[in-house]
Amino acid sequence: MEILSAEFVISNTKVDKCPQGNLPEYAFIGRSNVGKSSLINMLTKRPKLAMTSSTPGKTLLINHFLVNNEWYLVDLPGYGFALRGKKQVDKIQKIIEDYILGREQMTNLFVLIDCRLEPQKIDLEFMEWLGENGVPFAIIFTKADKLSGGKAKDNVNKYLKKLSEQWEELPPYFLSSSEKKLGRKEILDYIESINR
Ligand code: GDP
């Protein structure tokens, strides 16, 4: 898929304020700093479309971007902030849950995982929760350029092995690097394949 246009539409904290209509939505989620904004900018080839971590306040919002006038790319708040208070964590969790469980237009959720990390409890539990609720999702392993040689792939395989202890069937997965523009075609082709 070629990206002909990508524009910011709206930021909000409530599912019922999200854009009306029935265009399909592809949402992106992950722990803070996983490289979500960089990935969105890389996919859309718009270097400043999603604001990176250094922008305060943006982490609490559901951000809708209209792509090719055909689908929405949705940037969800990051989860798992060790430094935030319980009240704020609960608030973010509620926004995420309401969107994921309540938004009929959501066609697929991309869960971002830093490819350098060992499987983390918070991500595994989150994916388990998605499975229990029948939410369609795929995994994107980010920052592949940070590991040299075949090490990124080795790490991903280790991760998948761990997942297969928990799951009968593995979700689709992609390896990406925003730095090296890796994984762009595969992710966009995947979106196109389910957008038909
Ligand atoms: P977010 O909080 O998930 O939106 O993460 P950001 O996109 O703001 O990225 C967090 C940090 O990781 C920033 O310093 C980015 O420059 C860096 N980063 C993100 N993606 C990549 C990548 O693919 N490769 C490398 N080397 N660094 C990355």
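The following legends describe views of a predicted model of one chain.

**Figure 1. Overall view of the chain and the confidence of the prediction.** Buried residues account for 31% of the 196 residues. Of the contacts between residues at least 6 apart in sequence, 72% join residues at least 24 apart. The average pLDDT of the chain is 90, and 93% of the residues score at least 70. Mean confidence is highest in strand S6, at 98, and lowest in helix H2 (residues 86-102), at 86. The model has an ipTM of 0.99 and a pTM of 0.94.

**Figure 2. The seven-stranded sheet.** The strands form an open sheet in the order S1-S3-S4-S2-S5-S6-S7, and their pairing is mixed. Strand S1 (6-12) and strand S7 (173-175) are the edge strands, each pairing on one side only. On average, neighbouring strands of this sheet are turned by 25° against each other, direction ignored. Strands of a sheet pair through backbone hydrogen bonds, in either a parallel or an antiparallel arrangement.

**Figure 3. Close-up of strand S4 and its two partners.** Four of the five residues of strand S4 (residues 71-75) are buried, so this strand is largely enclosed by the rest of the structure. Strand S2 (residues 25-30) pairs with S4 in the parallel sense through four bridges, and Tyr26 stands opposite Leu73 of S4. Strand S3 (residues 62-67) pairs with S4 in the antiparallel sense through five bridges, with Phe65 opposite Leu73. S3 and S4 make up a hairpin that has three residues between the strands. In the turn of this hairpin, Asn68 adopts a positive phi of about 50°.

Figure 4. Beyond its neighbours within four places in sequence, Val74 is in contact with Glu25, Tyr26, Ala27, Phe28, Ile62, Asn63 and His64. Strand S5 (residues 106-114) runs parallel to strand S6 (residues 137-142), to which six bridges join it. Within this pairing, Leu109 stands opposite Phe137 of S6.

**Figure 5. Helix H1 and the loops on either side.** Helix H1 (residues 36-44) is mostly covered, with seven of its nine residues buried. The buried residues are Lys36, Ser37, Leu39, Ile40, Met42, Leu43 and Thr44. Asn33 lies in the loop between S2 and H1. The phi of Asn33 is positive, near 80°, in a residue other than glycine. Asn33 has 14 C-beta neighbours inside 10 Å and therefore counts as partly exposed. H1 is followed by Lys45, which is placed in the loop between H1 and S3. The phi of Lys45 is likewise positive, near 55°, again in a residue other than glycine. Because Lys45 has 12 C-beta neighbours inside 10 Å, this residue counts as exposed.

Figure 6. Helix H4 spans residues 151-164 and includes Asn155. Asn155 has 20 C-beta neighbours inside 10 Å and so counts as buried. Leaving out residues up to four places away in sequence, Asn155 touches Cys115, Arg116 and Leu147. Glu168 is 13 residues from Asn155 along the chain, and 20 Å separate the C-alpha atoms of the two residues.

Conventions:
Residues numbered from 1 in each chain as written. Predicted model: local features only at pLDDT ≥ 70, side-chain atom pairs only at ≥ 80, totals over all residues. Pairing = 2+ DSSP bridges. Helix = DSSP H or I, 4+ residues; strand = E, 2+ residues; numbered from the N terminus. Axes fitted to C-alpha atoms, helices over the stretch in contact; angles between N-to-C directions. Contact = placed C-beta atoms within 7 Å. pLDDT = per-residue confidence, 0-100.
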